[in-house]
Amino acid sequence: MVRRFISLFHKEIGGVHNAAYILGLFALFSQLLALVRDRMLASIIGPGPTLDAYFAAFRIPDVIYALLASLMSVSVLIPFLSQREGDPKKEKSLMDSAFSSFFIMIVIVSAIAWLCTPWLVSLFVRSGGTGIVAESPDLIISLTRIILLQPIFLGISNLFASITQSRRRFFLYSLSPLIYNVSIISSILFLAPKYGITGVAWGVVGGALLHFLIQIPFVFEQGMLPRFTFNIDWGLIKKIVAVSLPRTLALSATMLELVFITLYATGMKTGSLSIFNLSLNLQSVPLAIVGVSYSLAAFPTLSKLFTQGLKEKFIEHIVVPAKHIIFWSLPIAALFIVLRAHIVRVILGAGNFNWDDTRLVAASLALFVISLVAQNLELLFIRGYYATGNTRKPVAINLLSSVITISAPFLLLISFNSHPGFAHFITHLLKVDGIAGAEVLMLPLGFTIGTFINCAIFMIMFEFDFRHSTKTLWPVFLRGMIAALVAGLGTYVGLWLFEGLTQGVLVTATVFKIFAQGLLSGMLGIVAGYISLRLMKSPELSVISSQISGRFIKKAVIEIKEEIKDGIESEAGKNEGENETAPTILETVEPIMDSTKAD
């Protein structure tokens, strides 16, 4: 039994939907642990200068990861490994060179960052902050220096993941984030009582260490465990860096957004940075389960189809996951918006996390999930371009959206503070009237605006590059909007019907009563949404029903493989003699996402 359980994590997974559901399941487990982690942080420490300092301490390590670890990421290394497939010596030589060059670079940069931490922290922490600067600058510096070890370990894990991912060992890869969060939770339980938030920081480092240690047995079994060497193939490293540079710029832009958000938040009421990060982590749950899982599962097939010149098949394998992303994202967003206070109170509402904190995080969560479908589609379209080898276009689009995401909160904050009518409209709409620090809501609102613009540009450009590739998404979007509205209305009616469970006073109700009210209302909303999809004869619902019934598990993998095989064989004559093996990028779930969620 134990041997079977262990072998499960070494099992190769095939099929887009099959892999997506497996990855989604593990993402759900990981996110549940992340929610437990955040509840403990919120209840034990609470939004304030200490928790703000903890979140701020991730900024420099995250930037280092984006700049260096992404140069040797899974997305970049897999195509190079594929070119050497069947030649173990060349594969091993590649891993040795990649590991050695990365280790040298990141250790040197991290050491410099360690020495310059006080100066670097001063760049993104506003001197006008109401609490974080006055009470915890030394704490931010000490925590940052500890967490600087994290990008080193996660970067090594990323290298190892290129082996596990290229062998399609999704079970094994999905286990890493679970252990990562378990380590942080353990540090909160056992280290924080004695060492405070510093103990939690060491838990983050321990989680990053375990993140790559869990992959060592399989990598060793494959004979691919890298060794440090000074005999580095610098010519090969230059080729890898040349391919990865655009993607590195895109990740750096994302990290720059977080740096500016930290800068804005530290100039607000103490605890604002914590409010932003806690709500960001909550909205990351559906993002990881839906968007990340589908885009990851689709990528191996997308890369293979495009390399073989099967353009129609390639477009089809973009459109199908996009339809399912829309199908899931819109109703989920509706449920999150209606049940936002219940979700936040159940997950975070304990100890030092008070009712005002609940209302602010709930309002911020609502602003984030409005753009959930856009965030999920954005992930898929980015990977679609990466699969074609076109990295410049998504980088250019992401850089543009980053400028918007950075500028929007700044302009919104000016409007919020100088126009009482605008401030009243926002606070009244989101039910945070009279709460100090409501200006923090301009941060997720600016993020959402930037996300919508980014997704819109991607859809327009993808339609331009691949004619008629997105037109079939609009009927799905319309059905999804109707189902989302019906589900949201059903949930709202459920809250009214089950209001007696809490006597209408959410803040004084027990967690069980709040959970029961939210669960029953959500179930009523789901049933209402399901009925509306049935009445509209949603094709996506039919596909999912067939998968649940077991037919998909037995047949779909074989059908997809045969379909791709037939397409490749039919096109083989057309492509014979042509060299269409330009480097492609095989994107996967980023360890940086794990570190961001650990913030």
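**Figure 1. Packing of helix 18 against helix 19 in the predicted model**. Helix 18 (residues 340–348) and helix 19 (residues 355–369) pack with their axes 8 Å apart and at an angle of about 125°. Helix 18 is therefore oblique to helix 19. The crossing of these two helices is right-handed. Helix 18 contributes Arg 340, Ala 341, Ile 343, Val 344, Arg 345 and Leu 348 to the contact, and helix 19 contributes Trp 355, Thr 358, Val 361, Ala 362, Ala 363, Leu 365 and Ala 366. By class, this contact of helix 18 with helix 19 comprises 10 nonpolar, 1 polar and 2 charged residues.

**Figure 2. Packing of helix 17 against helix 19**. The axes of helix 17 (residues 311–338) and helix 19 are 9 Å apart, and the two helices pack at an angle of about 165°. Because angles over 145 degrees count as roughly antiparallel, helix 17 is assigned to that class relative to helix 19. The crossing of helix 17 and helix 19 is left-handed. Ala 333, Phe 336 and Ile 337 of helix 17 meet Leu 365, Ala 366 and Val 369 of helix 19. The contact of helix 17 with helix 19 has 6 nonpolar residues, with no polar and no charged ones. Leu 365 and Ala 366 of helix 19 meet residues of helix 17 and also residues of helix 18.

**Figure 3. Helix 24 and its buried residues**. Helix 24 covers residues 473–497, and at 1.5 Å a residue its 25 residues should span 36 Å. The end C-alpha atoms of helix 24 are 35 Å apart, which agrees with that expectation. The buried residues of helix 24 are Leu 473, Val 476, Arg 479, Gly 480, Ala 483, Ala 484, Ala 487, Gly 488, Gly 490, Thr 491, Gly 494 and Leu 495. An α-helix has 3.6 residues a turn, so residues three or four places apart point the same way.

Figure 4. Ile 216 lies 55 residues from Ala 161 along the chain, with the two C-alpha atoms separated by 9.7 Å.

**Figure 5. Leu 245 in helix 15 and its distance to Leu 67**. Leu 245 belongs to helix 15 (residues 234–265). With a relative accessibility of 42%, Leu 245 counts as partly exposed. Leu 245 and Leu 67 are 178 residues apart in sequence, whereas their C-alpha atoms are 9.0 Å apart in space.

**Figure 6. Two loop lysines with positive phi, Lys 431 and Lys 537**. Lys 431 is located in the loop between helix 22 (420–429) and helix 23 (442–465). Its phi is near 60°, a positive value in a residue other than glycine. Lys 431 is exposed, with a relative accessible area of 55%. Lys 537 occupies the loop between helix 25 (511–535) and helix 26 (539–548). Although Lys 537 is not a glycine, it has a positive phi of about 55°. The relative accessible area of Lys 537 is 71%, and this residue is exposed.

**Figure 7. Context of the close-up views within the protein chain**. The chain has 28 helices and 0 strands. Of its 599 residues, 59% count as buried. Among contacts between residues at least 6 apart in sequence, 85% join residues at least 24 apart.

Notes. Residues are numbered from 1 along each chain as its sequence is written. This is a predicted model: local features need pLDDT of at least 70, side-chain atom pairs count only at pLDDT 80 or more; totals for chains, interfaces and linings use all residues. Side-chain values use heavy atoms; hydrogens and water are left out. Axes are lines fitted to C-alpha atoms, for helices over the stretch in contact, and angles run from 0 to 180 degrees between N-to-C directions. Helices (H or I, at least four residues) and strands (E, at least two) are DSSP runs, numbered from the N terminus. Angles under 35 degrees count as roughly parallel, over 145 as roughly antiparallel, 65 to 115 as roughly perpendicular and the rest as oblique. A crossing is left-handed if the near helix is turned anticlockwise from the far one by less than a right angle, and right-handed if clockwise. Contact means heavy atoms within 4.5 Å. Ala, Val, Leu, Ile, Met, Phe, Trp, Tyr, Cys and Pro count as nonpolar, Asp, Glu, Lys and Arg as charged, and the others, Gly among them, as polar. The expected span of a helix is 1.5 Å times one less than its number of residues. Buried means under 20% relative accessible area, exposed over 50%, partly exposed in between (1.4 Å probe, protein chains only).
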